[in-house]
Amino acid sequence: MPRIAAPTIAAHREATWQRLREGFIRAVHEEGYGALTLAAIARHAGIARNTIYNYAPTKDALLVAVVKAEAAPIVSALVEECAAVDDPEDRLALLVRRQLAALAPGVSGISIVNALEGLLPEDVSLSLAACFAPVLEIVAGIVQQGTAAGLFRPVADVQRLVERMVGVVHAGRRAVASGAPVEVVAAETAEFLLGGLRGRAGRR
């Protein structure tokens, strides 16, 4: 039976999970996700390979669990911060800036998603996207509020527009991951999105 180096079993499990998360993130950054094995993840985490199965059955499942855990406090803080901003344009600019800053290399654990493009099955990509669902709800609310206030042009399908906006932010994320300054990319991205939302209604 493994030695429990914590006051309780629950505390031991949580400490092991933290080590696994940190080891997984290091492994992705240092070795890449595509060829990464559970044995390599265990080595980076300093735990036995079989211990990983207590937390996730596969590498992809572990990825989703780690991103969900890393994203939760960031998304929660973002939701709270955006709720304090009344103006939809200011809220969108804030949202873009905070999101790109969180995804900058080395800033937080969720920046590992920068290394995953094109490597994941669709179901895993959808599970990762679900971790950020509250952010998409904020974007949809911004579009609806701005349209109702006459700041943005009318749109036929809000959800479809939100998906396109996500694509623009992803392009900004790739720029930041390549070393471009977050503030510069965030300003460019926000202005591009706002220009599209305003359309003819915003022209003078």
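Visitor: Which residues of α8 are buried?

Guide: The buried residues of α8 are V182, V185, A186, T189, A190, L193, L194 and L197. Before we go on, this is a predicted model, where local features need pLDDT of at least 70 and side-chain atom pairs count only at pLDDT 80 or more, while totals for chains, interfaces and linings use all residues. Residues are numbered from 1 along each chain as its sequence is written, and side-chain values use heavy atoms, with hydrogens and water left out.

Visitor: What makes a residue "buried" or "exposed"?

Guide: Buried means under 20% relative accessible area, exposed means over 50%, and partly exposed is in between (1.4 Å probe, protein chains only).

Visitor: Okay, back to α8. Why are its buried residues said to line one face of the helix?

Guide: Seen down the axis of α8, they fall within an arc of 155°, so they line one face. That arc is taken from the directions from the helix axis to the C-beta atoms. On the other side of α8, E188 and F192 are exposed.

Visitor: And what do the buried residues of α8 pack against?

Guide: They pack against α4 (88–102), α6 (133–148) and α7 (158–177).

Visitor: Why is E183 called exposed?

Guide: E183 sits in helix α8. Its relative accessible area is 52%, so E183 counts as exposed.

Visitor: What about α6: which of its residues are buried, and what covers them?

Guide: V135, I138, V139, A140, I142, V143 and G146 are the buried ones. Their cover includes α3, α4, α7 and α8. As for length, α6 has 16 residues and reaches 23 Å from first C-alpha to last, close to the 22 Å expected at 1.5 Å a residue. Just after α6, G150 takes a positive phi of about 80°.

Visitor: How do you know that C82 is buried, and what does C82 touch?

Guide: C82 belongs to helix α3. With a relative accessible area of 2%, C82 is buried. Contact means heavy atoms within 4.5 Å. Not counting residues up to four places away in sequence, C82 touches R91, L94, L95 and I138. The C-alpha atoms of C82 and L94 are 7.3 Å apart, and the two are twelve residues apart in sequence.

Visitor: Why is L62 called buried?

Guide: L62 has a relative accessible area of 0%, so L62 is buried. L62 is in helix α3 too. Leaving aside neighbours within four places in sequence, L62 is in contact with W17, L20, F24, I41, I52 and A56.

Visitor: And T16, buried or exposed?

Guide: T16 has 7% relative accessibility, so T16 counts as buried. T16 is found in helix α1 (residues 9–31). Leaving aside neighbours within four places in sequence, T16 contacts I47, T51 and Y55.

Visitor: Why are α3 and α5 called roughly parallel?

Guide: Helix α3 (residues 59–83) and helix α5 (residues 122–130) pack at an angle of about 10°, with their axes 9 Å apart. Axes are lines fitted to C-alpha atoms, for helices over the stretch in contact, and angles run from 0 to 180 degrees between N-to-C directions. Angles under 35 degrees count as roughly parallel, over 145 as roughly antiparallel, 65 to 115 as roughly perpendicular and the rest as oblique. So α3 and α5 are roughly parallel.

Visitor: Which residues meet there?

Guide: D60, L63, V64 and V67 in α3 meet V124, S127 and L128 in α5.

Visitor: And how many helices and strands are there in the chain?

Guide: The chain has eight helices and zero strands. Of its 204 residues, 39% count as buried.

Terms used:
Helix = DSSP H or I, 4+ residues; strand = E, 2+ residues; numbered from the N terminus. Expected span 1.5 Å × (residues − 1).
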